Each structure stands twice: as C-alpha cells, then as structure tokens.
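Please have a look at it before I go on.

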Amino acid sequence: MQGKDFLEWRQENDLSQEQAAQALGVNRRTVLRYEQGRSKIPLAVSLACAAISAELPLTVQTGHELKQWRAERRFTLEGAAKALGVSRICYIRYEAERRAEGQVVEIPTFIKGACTAIQAGLQPR
C-alpha cells in the first residue's frame, strides 16, 4: 500500500485523518505521514485497513486470543510474525503481553485488525 492508496482508502471509508488514526490505533501525524509517502505503511496496517473497510469487528483482543488465532491457522511463531509483517520477537511480546523485563506490552489496534483480516481471508489493501 502506497500513500495515495492509503488516502483513497480513507476517503472511500469517509474517515477524517483523526478517525482513521483512531480506527488503526495510531496518531494523526502517522496518518499524515502515510498519506504523504513519508512513512512506509506496514503490512499489518494495510491488512487492518481491509478489515475496517469490511466493517469487521476485531477478533483478537488479548495475548491469549492471539495465541489461539495463531494455533487455529497452524502458524509457527515465525509464520504468524511474517503474516503480520512484524519481527518474531515483537510477535512473541504481543502474545505474552510483556517484555522480558516484565513491562506490559499492549497489542496495537492495527495488529488486532490485521488478525481479523487474515481470519476473514482478506488481502492487504
């Protein structure tokens, strides 16, 4: 997904930059950078956009549900990370909802949306 595609997606879904940011769980400046092509749009964001367009409710909310999502798809840790476009260690932290040091890690909304899109068989925008 390129910046112009992201802008088209936002306009097709009648979302302001602020609404798009809230739906994806990012800040408005990130949305602006995506639209201007100043930031690469991650695969997970592109997948989350597809889920938002399809008006699907988020199917993953917790690390436990993320682990179940992975098991249902028979993904390895590496496979799940690749499907979402994140590193293996990042994915492990999302499932555990913690870093090795014990700090809490929240699953980003766009990751939850990406899981929903994959579960529904949607392709990235």
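This is a predicted model: local features need pLDDT of at least 70, side-chain atom pairs count only at pLDDT 80 or more; totals for chains, interfaces and linings use all residues.

There are three aromatic pairs in this structure, where a pair means rings of Phe, Tyr or Trp, the last by its six-membered ring, with centres within 6.5 Å, and where planes under 30 degrees apart count as stacked, over 60 as edge-to-face and the rest as tilted. One of them joins Phe6 and Trp9 in a tilted arrangement, 5.3 Å from centre to centre and with 45° between the planes.

Residues are numbered from 1 along each chain as its sequence is written, and side-chain values use heavy atoms, with hydrogens and water left out.

Phe6 and Trp9 both belong to helix α1, residues 3–12, where they sit three residues apart, about one turn of the helix; helices here are DSSP runs of H or I with at least four residues, strands are runs of E with at least two, and both are numbered from the N terminus. Phe6 counts as buried because its relative accessibility is 0%, given that buried means under 20% relative accessible area, exposed over 50% and partly exposed in between, with a 1.4 Å probe and protein chains only. Trp9, also at 0%, is buried.

Phe6 has a further partner in Tyr34, and that pair is edge-to-face, with 5.4 Å between centres and 70° between planes. This pair links distant parts of the chain, since Phe6 is in helix α1 and Tyr34 is in helix α3, residues 28–36, 28 residues apart. Tyr34 has a relative accessibility of 6% and therefore counts as buried. Through ring pairs, Phe6, Trp9 and Tyr34 are linked into a cluster.

Let me turn to the backbone. Most residues other than glycine have a negative phi. Asp14, although not a glycine, has a positive phi of about 55°; Asp14 is found in the loop between α1 and α2, the latter being 17–24, and counts as exposed because its relative accessibility is 67%. Arg74 likewise is a residue other than glycine with a positive phi, near 55°, in the loop between α5 (63–72) and α6 (77–84), and at 78% relative accessibility Arg74 counts as exposed.

For Cys49, the nearest cysteine sulfur is that of Cys115, 15 Å away, and Cys49 is buried at 0%.

Finally, the largest nonpolar core has 33 residues, and Phe6, Leu24, Trp69, Leu84 and Ile111 have the most contacts inside it; such a core is a set of buried Ala, Val, Leu, Ile, Met, Phe, Trp, Tyr and Cys residues joined through side-chain atoms within 4.5 Å. The elements giving two or more residues to this core include α1, α4 (43–53), α7 (88–96) and α8 (109–119). Leaving aside residues up to four places away in sequence, Leu84 touches, among others, Trp69, Ile111 and Cys115, where contact means heavy atoms within 4.5 Å.

Terms used: A disulfide is a pair of cysteine sulfur atoms within 2.5 Å.
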